[in-house]
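Student: Hi! Could you walk me through this fold?
Tutor: Happy to; let's have it on screen.

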Amino acid sequence: MNGSVNRVAGLPEAPRINPSILAADFVNMQSELARIVTADFAHIDVMDNHFVPNLTFGPQMVERIQETSHIPLDVHLMITDPDRWAPGYAELGAASVTFHLEAAADPVALARRLRGIGARAGVAIKPGTAGEALYGILDEFDQILVMTVEPGFGGQGFMPETMPKLRALRDEARRRGSDVWLQVDGGISDATIAQAAQAGADTFVAGSAVYGADDVAAAVTRLRERARAASLES
């Protein structure tokens with residue numbers, strides 16, 4: 001695991017499905033978390049109305065979700081100054097904390113601090129950020145999140161033009177012998193998950209594709225199976 005400290009015992013194997021609670025019913029969060037117990041992680045989007053034009057959860061809400069969720073938390077920070085704020089989410093018990101490369105002053109130092117606390121360290125890049133920006137520091141991270149929409153809002157359409165960047169990151173990770181996870185977030189559905197899996201993704205954030213289904217558990221299973229079948233073709 002690239003030398004990281006891990007608080008997730010028995011890490012789930014790829015492909016991993018991480019439902020985004022941004023698509024859940026916030027009024028009934030405890031029951032909404034219970035609906036995704038067959039998933040691998042609960043994906044928590046923290047937005048600050050500054051780095052992105054939306055406002056969602058803060059530390060207090062994430063702490064309560066951490067206390068309530070039966071599966072580990074995958075926290076995605078879309079915030080300004082993650083160097084200051086990200087360690088606090090690891091200290092709350094989040095299994096994985098991902099910050100944006102575009103927002104961090106010292107991404108390597110921050111990743112090392114997150115790992116030192118015991119969380120998996122993730123770094124995210126927007127659609128317009130080149131994957132090459134991560135090549136020299138790839139081994140510092142446990143997860144790379146390639147945004148497949150512009151960050152800030154749920155329900156956007158998948159951007160297939162991000163797939164060459166994802167594929168290049170996969171190839172670079174293989175060249176280095178890295179076991180870094182490659183996550184995608186944005187527009188992931190039954191119709192798009194195979195394309196992302198073929199390009200190298202092994203961890204998938206899905207919002208409405210899970211929470212919008214009549215049978216949430218069946219939706220998680222179906223997405224996982226489609227990703228697994230597609231990955232075998234890549």
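**Strands, helices and cores**

Tutor: Strand 3, helix 3 (residues 82-91) and strand 4 form a right-handed β-α-β unit. Helices (H or I, at least four residues) and strands (E, at least two) are DSSP runs, numbered from the N terminus. Right-handed means that, with the strands pointing away from the viewer, the path from the first strand over the helix to the second runs clockwise. This is a predicted model, in which local features need pLDDT of at least 70 and side-chain atom pairs count only at pLDDT 80 or more, while totals for chains, interfaces and linings use all residues. Residues are numbered from 1 along each chain as its sequence is written, and side-chain values use heavy atoms, with hydrogens and water left out.

Student: Which way does strand 3 run next to strand 4, parallel or antiparallel?
Tutor: Parallel: 4 bridges join strand 3 (residues 73-78) to strand 4. Two strands pair if DSSP finds at least two bridges between them. Within that pair, His76 stands opposite Thr98.

Student: And how many bridges pair strand 4 with strand 5?
Tutor: There are 5, again in the parallel sense. Ser96 stands opposite Arg120 there. Strand 4, helix 4 (residues 107-117) and strand 5 also make a right-handed β-α-β unit.

Student: Is strand 4 buried or exposed?
Tutor: Mostly covered: 5 of its 5 residues are buried, meaning under 20% relative accessible area with a 1.4 Å probe, protein chains only. Ser96, Thr98 and His100 are on one side, with Val97 and Phe99 on the other.

Student: Switching to helix 5: what span should it have?
Tutor: At 1.5 Å a residue, the 14 residues of helix 5 (residues 163-176) should span 20 Å, and its end C-alpha atoms are 20 Å apart, which agrees. The expected span is 1.5 Å times one less than the number of residues.

Student: What do its buried residues pack against?
Tutor: They pack against strand 5 (120-125), strand 6 (143-147), strand 7 (181-185) and helix 6 (193-198). Among the buried ones are Met163, Leu166 and Leu169.

Student: What follows helix 5?
Tutor: Gly177, whose phi is positive, near 70°.

Student: Last one: how many residues has the largest nonpolar core?
Tutor: It has 63, and Ile44 and Val97 are among those with the most contacts inside it. Such a core is a set of buried Ala, Val, Leu, Ile, Met, Phe, Trp, Tyr and Cys residues joined through side-chain atoms within 4.5 Å. Helix 8 (residues 216-231) gives the largest share of this core, 5 residues.

Methods
Buried means under 20% relative accessible area, exposed over 50%, partly exposed in between (1.4 Å probe, protein chains only). Contact means heavy atoms within 4.5 Å.
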